[in-house]
Amino acid sequence: MSSSASAAGGAGEEGGAAAQPQQEGPVVTCKGVNGLDKVVLREVRGSSAEVYLYGGHVTSWKDEHGEELLFVSNKAIFKPPKAIRGGIPICFPQFSNFGNLEPHGFARNRTWSVENDPPPFPVPTSNRAYVDLILTHTEEDLKIWPHSFEFRLRVALGPGGDLMLTSRIRNTNADGKPFSFTFAYHTYFSISDISEVRVEGLETLDYLDNLQERNRYTEQGDAIVFESELDRIYLGTPSKIAIIDHEKKRTFVVRKGGLPDAVVWNPWDKKAKAMSDFGDDEYKRMVCVEAAAIEKPITLKPGEEWTGKLELSAVPSSYYSGQLDPDRVLQDSSVPEDSIS
């Protein structure tokens, strides 16, 4: 992996127009908003992604035309210990308030490190536009969650501009104790208007409704559409979910492995106004569809490792309908249902 330091800014950087990284390699490390370290990935056809070391947080994914595909709030606070509002926050070792930790755990509030020589992947990443990050426990973490772990994250851009995230979490406890965790890639997608969007692939499934005391219901619609606040955890979901944006004639395809659940969320107007790091009307331009493991926590014995994969692609909706292979597996490798080794 090549990386080179250069001073650069991201969209929304304070202090005038954002400078471009001077070096155009597939992997460039530079400074982002408020001087936070970030890694810029570039694919030869023009797609790109940005990953902040703070939170191991993907904050940008652009197609070959330079159009931003992820939503980040204009009011996002790029300042620890506040999590960045938008992009792909990583929820670990706890999703929401499913436990005693702060909501969504602490991984998104920690500074990760670049790992130059990680343990090999079962199938190597074919592209050069990727970065490997690692997070390990601190003494402070052990006080609130008394377990030793190694969390490795690879963020990669595929040849067609697909964005791939692979998480590998290992139990390194020396005391022989297992640990359990819940997990989500809390992805915020950029959309034209929430009223123009439908989510397909979750029909007929059971879900827990976070707005109804997590009572269990069965999805009755042939797709999910948005007319008010929605916050649901769909259970036993397929490996592929589609987010269809009618106005943009674009479909996001979410492929996942090792992550049986899927969260669908839009805060709507009242909750949007209540969030200090979220614009009052920004709910119209975003939707969260999150690959997750929530209902049945993942349990690892010492030495065991869990893998959770996410692959995002954006295609013209005309191409998506009926032409995308429903059985196509993740690009790097398929993750078996038993994703613990």
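Because the model is predicted, local features require pLDDT of at least 70 and side-chain atom pairs count only at pLDDT 80 or more, whereas totals for chains, interfaces and linings use all residues. Residues are numbered from 1 along each chain as its sequence is written, and side-chain values use heavy atoms, with hydrogens and water left out.

The protein contains 3 helices and 22 strands, taken as DSSP runs numbered from the N terminus (helices H or I, at least four residues; strands E, at least two). Of its 341 residues, 56% count as buried, that is, under 20% relative accessible area with a 1.4 Å probe and protein chains only, where exposed means over 50% and partly exposed in between. Among contacts (heavy atoms within 4.5 Å) with a separation of 6 or more, 64% are made by residues 24 or more positions apart.

The "active site" annotation in the unreviewed UniProt entry covers His186 and Glu290; UniProt positions are given in the numbering used here, feature names are shortened, and such annotations may be inferred rather than shown by experiment. The annotated residues are spread over 105 residues of sequence, yet they cluster in space, with a largest C-alpha distance of 4.9 Å.

His186 is located in the loop between strand S11 (179–185) and strand S12 (188–190), while Glu290 lies in strand S21 (residues 286–300). His186 counts as buried because its relative accessibility is 7%, and Glu290 is likewise buried, at 2%. The side chains of the two residues are joined by a polar contact of 3.3 Å, a term for a pair of N or O atoms within 3.5 Å of which, within protein, one must be able to donate a hydrogen and the other to accept it, residues adjacent in sequence counting only if both atoms are side-chain atoms. Leaving aside residues up to four places away in sequence, His186 touches Cys91, His104 and Cys288, among others, and the partners of Glu290 include Phe95, Tyr185 and Asp261; Trp265 is touched by both His186 and Glu290.

The second largest pocket holds about 560 Å³ of space. Of its 24 lining residues, Arg85, Pro103, His104, Arg108 and His186 are the closest to its centre. A pocket is here an open set of points on a 1 Å grid over the protein atoms alone, where a 1.4 Å probe fits, with protein on both sides within 12 Å along at least five of seven lines, and lining residues have an atom within 4 Å of a point; the volume is the space filled by probe spheres set on the points, which are joined across faces, edges and corners. By class, the lining comprises 9 nonpolar, 6 polar and 9 charged residues, with Ala, Val, Leu, Ile, Met, Phe, Trp, Tyr, Cys and Pro counted as nonpolar, Asp, Glu, Lys and Arg as charged, and the others, Gly among them, as polar.
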